[in-house]
Amino acid sequence: MKPKKARKLIYFLYIIGFILILLSYKRIMFLPIGVIVAGSSVVPNLLFYKCPHCGKHLGSNGGDFCQYCGKSIDN
Ligand SMILES: [Zn+2]
């Protein structure tokens, strides 16, 4: 999986988890599900959100270039 795709997946899981946590005021069972969904975004983050060139983890980098080697993370 490419880093940009992984980033989309991470954001997607965060947003779904956040929405579920917000919905927990209606049904409390949404709260643990939301926490699990948001927490599961850690998995693609750790596994796939790496620079394809130097292999370092991109951390909170939201840009198009690796902060370690300066190369594009697109390819
Ligand atoms: Zn790099």
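This is a predicted model: local features need pLDDT of at least 70, side-chain atom pairs count only at pLDDT 80 or more; totals for chains, interfaces and linings use all residues.
Two residues are in contact, in the sense used throughout this talk, if their C-beta atoms, placed from the backbone, lie within 7 Å. Residues are numbered from 1 along each chain as its sequence is written.

I begin with confidence. The pLDDT, the predictor's confidence in each residue on a scale from 0 to 100, has a mean of 95 over the chain, and 99% of residues reach 70 or more.

Next, the secondary structure. The chain has three helices and zero strands, where helices (H or I, at least four residues) and strands (E, at least two) are DSSP runs numbered from the N terminus.

Residues 9–25 are 88% helix, with end C-alpha atoms 26 Å apart. For residues 31–49 the helix content is 89%, and the end C-alpha atoms are 27 Å apart.

What of the overall dimensions? The C-alpha atoms fill a box of roughly 45 × 15 × 15 Å along the principal axes. The radius of gyration, taken over C-alpha atoms, is 15 Å, whereas a compact globule of 75 residues would have a value near 11 Å; the globule rule is 2.2 Å times the number of residues to the power 0.38.

I turn to packing. A residue is buried if 20 or more other C-beta atoms lie within 10 Å of its own, exposed if 12 or fewer, and partly exposed in between. Buried residues make up 16% of the chain. Beyond its neighbours within four places in sequence, Tyr-49 is in contact with residues including Pro-3, Ala-6, His-57 and Leu-58.

Finally, Tyr-14, which lies in helix α1 (residues 3–23). Why is Tyr-14 classed as partly exposed? Because 16 other C-beta atoms lie within 10 Å of Tyr-14. Leaving out residues up to four places away in sequence, Tyr-14 touches Ala-38 and Ser-41. The C-alpha atoms of Tyr-14 and Met-29 are separated by 18 Å.
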